[in-house]
Amino acid sequence: MAKDLASWLSYIQNLHPKDIAMGLDRAKLVIAKLNLQPSFTIITVAGTNGKGSTCAMLELAYKKAGYKVGCYTSPHLLRYNERVRVNCIEASDAELCSAFAITEAARAEVDVALTYFEMGTLAAIWHFIEADIKIAILEVGLGGRLDTVNAFTPDCSIVTSIDLDHQEYLGDTREKIGAEKAAIFRPKTPAICGDENPPNSLLEYAKKIEANLLCIHHEFDCVVDKTGWEYKLNQHQSVSYQLPLPALQGLYQLNNASCAITAIELLQNKLPVTHIAISEAIEQASLAGRFQTLSQSPHIILDVAHNPHAALALAQNLKKIKKENTQVIAVFAMLSDKDIKGVIESVGQEIDNWCIATIDHSRGAKAEVLASTVSDVYSNAKMQIFSNVASAYEEACKQAESCMNQGENVKIIVFGSFFTVSAVMQLHAGL
């Protein structure tokens, strides 16, 4: 049996023949065997984009309020430990190994094959129970209805946004995807939607099960003013907070922050959180790989944007911080099963030079395919092709240095996938 964390991760990667196998039946057999019955409060967070940011704000708000809070997110950028945190501290290798050993023993007894994500989710819940946490923030991995996180009953559910991604699993329209994500809602339970134009499928499902649905710009809202922004909630008792702008870049983060605050407000009777704790969490919450500045000279930005919705937000952020005559160099690599053309169309006008790479992954798109798509969308695009992200990044840094030596403004944006950002982070960490 596996001894260290690396061995465990290799072992659970090969338990199931598929990386992704949707369904709850296998996981529920192991949950029953383990008797995984959390007594802590659960907030489940789904959405095409914005899940990680919303989780980060919730996690920090409850920690600042004095509660022992667990947070489960995915994927990770450098270490698997990033996925499982208690009070913002990553689980240790020993704690994760212990959780995997317990989960594996139960899995072997009921004799089912679990995926990497299923094993990780059940092990995280077991760890949270052992840690005696008060509240868990659980990020849905993919979709909602058939995601392992949905095997646990939430006290409040959030769907941050709905757009086209993972169509092969969730459907090829916002209506189909909305239905999959709405399935994290529960009857007579707070259900929050941060999408400004929610599909009818989500609204109808919430109505059908009699969830307590609150939608942004309807039951709650966010308004930017000169000093920050105002959060408003119109429920039985109206709530209004004056708040600082989020540390996380982009006005769309106000929607994520509003979802997080709405969840906190709806659970105030159970777990009170002060205005000060909320304000500090919004102002301080950070998240690796979300328009993250890695270096100032040259200005290097990391963004995991891998679908058109996220790429459009990236373009807006770039436009906001660009000075006149700024050269933007992109280190770009994507997975082949993503909407490559849609991403390029969304952000391409903000990019002056492309360093395009192949991701070292079975689903990685070839650099030549990416380059061809860039050429189709922008016929005059300047680009170079590289066999890996490290080489593309090295060239981007050389180009940036040349621009700086000539007195030009320059920015490097690394984007297209968690794998793209992770590769550059590993270079900087010396891994």
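Helices (H or I, at least four residues) and strands (E, at least two) are DSSP runs, numbered from the N terminus. The views below show parts of a predicted model.

View 1. Helix α14 covers residues 389-405, 17 residues in total. Just after the helix, Gly407 has a positive phi of about 80°.

View 2. The buried residues of α14 are Val389, Ala392, Tyr393, Glu395, Ala396, Gln399, Ala400 and Cys403. They cover an arc of only 160° around the axis, which means that they lie on the same side of α14. Buried here stands for under 20% relative accessible area, and exposed for over 50%. Exposed residues Glu401 and Asn405 sit on the face of α14 that is turned away from the buried side.

View 3. Strand β10 runs over residues 229-233. Its pairing with β9 (residues 220-224) is antiparallel and has 5 bridges. A hairpin of 4 residues connects β9 to β10, and Val224 is placed opposite Trp229 of β10. Strand β11 (residues 239-243) also pairs with β10 in the antiparallel sense, over 5 bridges; here Lys232 is opposite Ser240 of β11.

**View 4. The two faces of strand β10.** In a regular strand, side chains alternate between the two faces of the sheet. In β10, Trp229, Tyr231 and Leu233 make up the covered face. Glu230 and Lys232 make up the uncovered face of β10.

**View 5. An open sheet of 6 strands.** The order of the strands is β12-β13-β17-β14-β15-β16, and the pairing is mixed. Strands β12 (292-296) and β16 (382-386) are at the edges, each with a single partner strand, so one side of each has no neighbour in the sheet. From one strand to the next, the twist averages 20°. Helix α11 (residues 308-321) packs on this sheet and touches β13 (299-303) and β17 (409-415). The direction of α11 makes about 160° with that of β13.

View 6. Strands of a sheet pair through backbone hydrogen bonds, either parallel or antiparallel. Strand β14 (residues 326-332) pairs with β15 (residues 353-357) in the parallel sense, over 4 bridges. Within this pair, Ala330 stands opposite Trp354 of β15.

**View 7. An open sheet of 8 strands.** The strands follow the order β4-β3-β2-β5-β1-β6-β7-β8, with mixed pairing. The edge strands are β4 (89-90) and β8 (212-215); each has a single partner strand, so one side of each is without a neighbour in the sheet. Strand β2 (residues 69-72) and strand β3 (residues 84-86) form an antiparallel pair over 3 bridges. The bridge partner of Tyr72 in β3 is Val84.

View 8. Helix α9 (residues 253-266) lies across β1 (41-46), β6, β7 and β8. This helix, α9, runs at about 165° to β7.

Methods:
Residues numbered from 1 in each chain as written. Predicted model: local features only at pLDDT ≥ 70, side-chain atom pairs only at ≥ 80, totals over all residues. Heavy atoms only, no water. Buried < 20%, exposed > 50% of the residue type's maximum accessible area, 1.4 Å probe, protein only. Pairing = 2+ DSSP bridges. Expected span 1.5 Å × (residues − 1). Arc of directions from axis to C-beta. Axes fitted to C-alpha atoms, helices over the stretch in contact; angles between N-to-C directions. Contact = heavy atoms within 4.5 Å.
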